[in-house]
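Welcome! Please take a look at the sequence and the 3D view, and keep both open while you read.

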Amino acid sequence: MEVKLQVENEILDKIKHTFHSAEVSIPRKQRVEVKLRNDLIHPFLAYLKDTLGFKHLSHISTVDWLEEKEIELVYIVMNYDNLVEVIAKIRLDREKPEIPTLREFWPQVETYEREIHEMYGVNFLGHGNLTDFILEDWEGIPPMRRDFDTVKYAKETYFNRPGREDAQDVRTTITKKSGEEIPELAKVYSVRHLE
Amino acid sequence: MREKETTIYLGPQHPGITGNMMVKLKVTGDTIVRAETHVGYLHRAFEKLMEARTWLQCFPIVCRICVPEPDPNEENLSRVIEEIEGREVPERAKYIRVLVLELSRLATYLLWMGGQSGSMGLYTMPQWTVGDRDYILDLFEQLTGGRVYHMYIWPGGVRRDIPEGFGDKVLKVMDYLEKRLKDYDDLLFNNALFYKRAKGVGVIDKNKAQEWGVVGAPLRGCGIKHDVRIDEPYEVYDKLNFIVPTYEGGDVWARAMVRRQEFEQSISIVRQVIENMPGGDFYNKIPNPLNWRVPPGDAYVKTESARGEFGYYAVSDGSLKPRRVHARGPAYVHGVSLLERILQGANIADVSFIMNSLGTCPPEIER
């Protein structure tokens, strides 16, 4: 196993040597995971891109850790030469998530940051174009946050079309129309039952 | 005299793409000065919906992320769960998954050929290819029960075994498609009109391609050999023989020729899979899906879809439902930042043409 993970270990050593506070691990072949301090993400990605040759940004993802009051940003970058992917993670304060933009690194970052700003309310300082991306004129808490209640929003915003005011289960309608019985199992194990 | 700048709104419905997306064009004469993508017509909040469902209930959702090519989504989500959980997949299931993925690639390329030639006014091609794609959909129907959305690949393997005599049917369709490829060559790929129309249009700078996030056929059309199936072999791709074609130029023509060569490679992969299909189990049973807790952890997996690197990043917190599932489609980059860039200086008539060759798929951008 040791021989197979040679490239990964080399990258791990280089990162550890340059960024002492980073927690680096190798979850599997072709993956290196790095947990960083917030203020280090810029120098870290610059180091990866310019010095270690990680040119391809696979994506930027966001995870809302509601219980821990943190928002996690996950940057996945790849090196085309040794085919290793680095997963870099930082955690921002959920109340006031702010971080300088990475727009100058990769052009596609602009789109990612616009979406994350819209969906999670993360403010990217210096981005300059944090306008609406998918939603239009959205007010209230950003919709992808864990405390946003989708069902409540749908009930408040949308209305039933005439004839469906009672908002009954679609299966009840089918039963009424066709006379077909719903199996007991399906009644018990509905999505609502799980919640 | 300075030419007046005019704004044109192309879309949300137009022939360039499968789905709805608007491109706002600033033009002088018929040359585009600036392009701006507007999305939001197809947002169905899939990623949010998945957070409120059990892991297995996510499967009917993910395949809807891309209409022409739903299978990489299912395969990715299955594999990301398997990686977090450490679940083994039987060898036979892996072969069946490759079979499904390659058939899906062929179906997508057929649809793309139709779109690509349709957007330059060659309407015979879509009639042929969409008809031929139906033979593959027939195979899918027999295998999975569904024509477009399959929900067939799931954690631990596949939903059911391949039916009796299915291999022969697949080989028959492959023989037919191979024979048919000659007609496609005559009508599209060797057509001087297509060459003249596509050469030098929608050029991606080779030196910048990797940095701009270009993947899949557009990247190989720049002469850069990169394919997830080779770079990070998943399922059984490391046991199969195929080549990764590249073309120089970075234009629509190069991308088309890459796909044309890959079409042949996919046919060959399907034949190899049928020939080498091992026996045994096709499913490593998961526990009761309604009470199935995936251990805490996260993983990122990727697949080479017909349009490029398709990745899933999933996080589990040990509960019944996913904490986060993020789908990374190639169109997220191709359809927004890259498209806006390479449309500058292009002709209005080429917008749909270029969008098609990049494989723009709006549902993947909005998810």
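Predicted model: local features only at pLDDT ≥ 70, side-chain atom pairs only at ≥ 80, totals over all residues.

**Chain A as a whole**
- Count along chain A and you will find 7 helices and 7 strands.
- Starting at the N terminus, these elements follow the order α-β-β-α-β-β-β-β-α-β-α-α-α-α.
- Chain A has 195 residues, and 29% of them are buried.

**A hairpin in chain B**
- Next, find strand β2 (residues 22-28) and strand β3 (residues 31-38) of chain B, which pair in the antiparallel sense over 7 bridges.
- One place to look is V23(B), which stands opposite T37(B) in β3(B).
- Together β2(B) and β3(B) form a hairpin, with 2 residues between the strands.
- In the turn of this hairpin, G29(B) has a positive phi of about 60 degrees.
- As a general rule, side chains in a regular strand alternate between the two faces of the sheet.

**Two helices in chain B**
- Now turn to helix α3 (residues 71-85) and helix α4 (residues 91-118) of chain B, whose axes come within 9 Å and cross at roughly 150 degrees.
- Angles over 145 degrees count as roughly antiparallel, so α3(B) is roughly antiparallel to α4(B).
- From α3(B), the residues D71(B), P72(B) and E75(B) meet R97(B), V100(B), L101(B) and S104(B) in α4(B).
- The residues of this contact between α3(B) and α4(B) divide into 3 nonpolar, 1 polar and 3 charged.

How values were computed. Residues numbered from 1 in each chain as written. Chains lettered and ligands numbered in written order. Helix = DSSP H or I, 4+ residues; strand = E, 2+ residues; numbered from the N terminus. Buried ≥ 20, exposed ≤ 12 C-beta atoms within 10 Å, placed from the backbone. Axes fitted to C-alpha atoms, helices over the stretch in contact; angles between N-to-C directions. Parallel < 35°, antiparallel > 145°, perpendicular 65-115°, else oblique. Contact = placed C-beta atoms within 7 Å. Nonpolar A, V, L, I, M, F, W, Y, C, P; charged D, E, K, R; others polar. Pairing = 2+ DSSP bridges.
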